[in-house]
Amino acid sequence: MKIDETTRVNLLYNFYHSLLTKKQSRYIELYYVEDFSLSEISEQLKVSRQAVLDNLHRTVNSLESFEQELGLIKKTTEIDDIADTLQTLVEKKIFQR
């Protein structure tokens with residue numbers, strides 16, 4: 001299953017936000033969590049629209065890099081898949097009685 005970019009960035013942010021600077025976190029929160037436009041962020045933070053876009057790209061790249069190095073999302077997904085499989089097996093055993 002392929003997830004869209006916003007969902008992916010939010011997931012990455014949930015796992016790795018503590019590794020970001022306050023400035024990086026603010027940009028991600030405004031754009032991906034609070035759904036502000038680039039123009040709204042640039043007005044609020046008093047920077048150019050291009051500065052917002054550049055910062056977002058760099059920060060998302062950092063988040064992706066963290067995932068490549070640490071693999072927390074991948075590991076969590078694998079654990080969830082195993083838990084689902086076990087749940088199915090348990091349910092089948094219960095209903096066989």
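How many aromatic pairs does the count come to? In this predicted model, the count comes to three aromatic pairs. One aromatic cluster is formed by Phe15, Tyr16 and Phe66.

| Residue | Relative accessibility | Class |
|---|---|---|
| Tyr16 | 1% | buried |
| Phe66 | 21% | partly exposed |
| Tyr31 | 29% | partly exposed |
| Tyr32 | 9% | buried |
| Asn55 | 5% | buried |

Phe66 counts as partly exposed because its relative accessibility is 21%, and buried means under 20%.

Asn55 sits in helix H4, which covers residues 49-70. Leaving aside residues up to four places away in sequence, Asn55 touches Lys23, Gln24 and Tyr27. Gln24 and Tyr27 are among the buried residues of helix H2 (residues 22-33), together with Ser25, Ile28, Leu30 and Tyr32. The cover over the buried residues of H2 includes helix H1 (5-16), helix H3 (38-45) and H4. Just after H2, Asp35 has a positive phi of about 65°.

Now the chain as a whole. It has five helices and zero strands, and its pattern along the sequence reads α-α-α-α-α. The C-alpha trace spans about 65 × 25 × 20 Å along its principal axes. The radius of gyration is 19 Å, whereas a compact globule of 97 residues would have one near 13 Å.

Of the 97 residues, 24% count as buried. The chain exposes about 7,300 Å², and carbon and sulfur atoms supply 54% of that area. Among contacts with a separation of 6 or more, 55% come from residues 24 or more positions apart. As for charge, there are 13 positive and 16 negative side chains, and the centres of the two sets are 4 Å apart.

Definitions and conventions. Residues are numbered from 1 along each chain as its sequence is written. This is a predicted model: local features need pLDDT of at least 70, side-chain atom pairs count only at pLDDT 80 or more; totals for chains, interfaces and linings use all residues. Side-chain values use heavy atoms; hydrogens and water are left out. Helices (H or I, at least four residues) and strands (E, at least two) are DSSP runs, numbered from the N terminus. The radius of gyration is taken over C-alpha atoms; the globule rule is 2.2 Å times the number of residues to the power 0.38. Buried means under 20% relative accessible area, exposed over 50%, partly exposed in between (1.4 Å probe, protein chains only). Contact means heavy atoms within 4.5 Å. Accessible areas come from the Shrake-Rupley method with a 1.4 Å probe; for residues, only the protein chains shown count as cover. Lys and Arg count as positive and Asp and Glu as negative; His and the chain ends are not counted. The place of a charge is taken as NZ of Lys, CZ of Arg, CG of Asp or CD of Glu. Rings of Phe, Tyr and Trp (its six-membered ring) pair if their centres lie within 6.5 Å; planes under 30 degrees apart count as stacked, over 60 as edge-to-face and the rest as tilted.
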